[in-house]
Amino acid sequence: MNVNNDMMDITTHFHQYVPSVDCTKTVQVPSLLDCHRLTSQVIVCHCYKGGGGIRIHRYWKYLLPLFKASGRTNYSIEALTMLSQYEFKLTPAQSAELIWNRVINVHGVPGRNVPCDLHMEHLNRVCKEAIHGLQANKTPAAITRVGKSLGTFNTVLNQFDEDNHVPVPSGARHAPSMTKDRDVILKELLQGSTFVNKANRKHASFPHVKIMLHSVDEKALMDWMIAHM
């Protein structure tokens, strides 16, 4: 696995702000790698919202060495399992299903996808509300019946609310624009020549900053991957 090549895809997001950054020297710019880690959550959020299966898969390639370097064994195995299934173990049809069925869009609007596990949390909330409404009729059989009818039950409720113009309270919060915050951060980074490679540069408060990806032993990682596949 070439960790540096997988990082290059994330590095290109900075080109719209810093066109002079040389992606081929990613390892030589520790501060840029730190920026990758800071923006990784934003990037994966866009991957899931856009429903980009290939982008999600590529992001998991980036996460695997990070999990391994940070000692997150269970997460490392989970990432390796998904990657190995897609690359080697599953049929082409199953591989496509694996990476493209990780999100769901219940609104039918582009860019409004949510991870399937988050959608399950929403269904769990509906299930708990239905069980709470049973009151004195709450029995194991009734609870089982609620669980089995949840999919159809939720669809009927949503259609009823839509037909009768019933306002449905949303638990979602309005996400403020990050444009101003992003511009402020990038301005500070540029003023400090963060994207300029300077030999032996140290942080005043953290003189021995360790870049996690630098601690990844490629041979040891490959041996571990082979042993766990």
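**View 1. Helix H3 and the residue Gly71 that comes after it.** In this predicted model, helix H3 is followed by Gly71, a residue whose phi is positive, near 80°. Helix H3 itself covers residues 53-69, and its 17 residues reach 25 Å from the first C-alpha to the last, which is close to the 24 Å expected at 1.5 Å a residue. The buried residues of H3 are Gly53, Ile56, His57, Tyr59, Trp60, Tyr62, Leu63, Leu64, Pro65, Leu66 and Phe67.

**View 2. The aromatic cluster of Trp60, Phe67 and Tyr75.** Together with Trp60, Phe67 and Tyr75 form one aromatic cluster.

**View 3. The packing of helix H6 against helix H8.** Helix H6, made up of residues 116-132, packs with helix H8, residues 150-163, at an angle of about 85°, and their axes are 11 Å apart. Because this angle falls in the range of 65 to 115 degrees, H6 is roughly perpendicular to H8. On the side of H6, the contact is made by Leu123, Val126, Cys127 and Ala130, while H8 contributes Leu150, Phe153 and Asn154. Sorted by class, the contact of H6 with H8 comprises 6 nonpolar residues and 1 polar residue, with no charged residues.

Terms used. Residues are numbered from 1 along each chain as its sequence is written. This is a predicted model: local features need pLDDT of at least 70, side-chain atom pairs count only at pLDDT 80 or more; totals for chains, interfaces and linings use all residues. Side-chain values use heavy atoms; hydrogens and water are left out. Rings of Phe, Tyr and Trp (its six-membered ring) pair if their centres lie within 6.5 Å; planes under 30 degrees apart count as stacked, over 60 as edge-to-face and the rest as tilted. Axes are lines fitted to C-alpha atoms, for helices over the stretch in contact, and angles run from 0 to 180 degrees between N-to-C directions. Helices (H or I, at least four residues) and strands (E, at least two) are DSSP runs, numbered from the N terminus. Angles under 35 degrees count as roughly parallel, over 145 as roughly antiparallel, 65 to 115 as roughly perpendicular and the rest as oblique. Contact means heavy atoms within 4.5 Å. Ala, Val, Leu, Ile, Met, Phe, Trp, Tyr, Cys and Pro count as nonpolar, Asp, Glu, Lys and Arg as charged, and the others, Gly among them, as polar. The expected span of a helix is 1.5 Å times one less than its number of residues. Buried means under 20% relative accessible area, exposed over 50%, partly exposed in between (1.4 Å probe, protein chains only).
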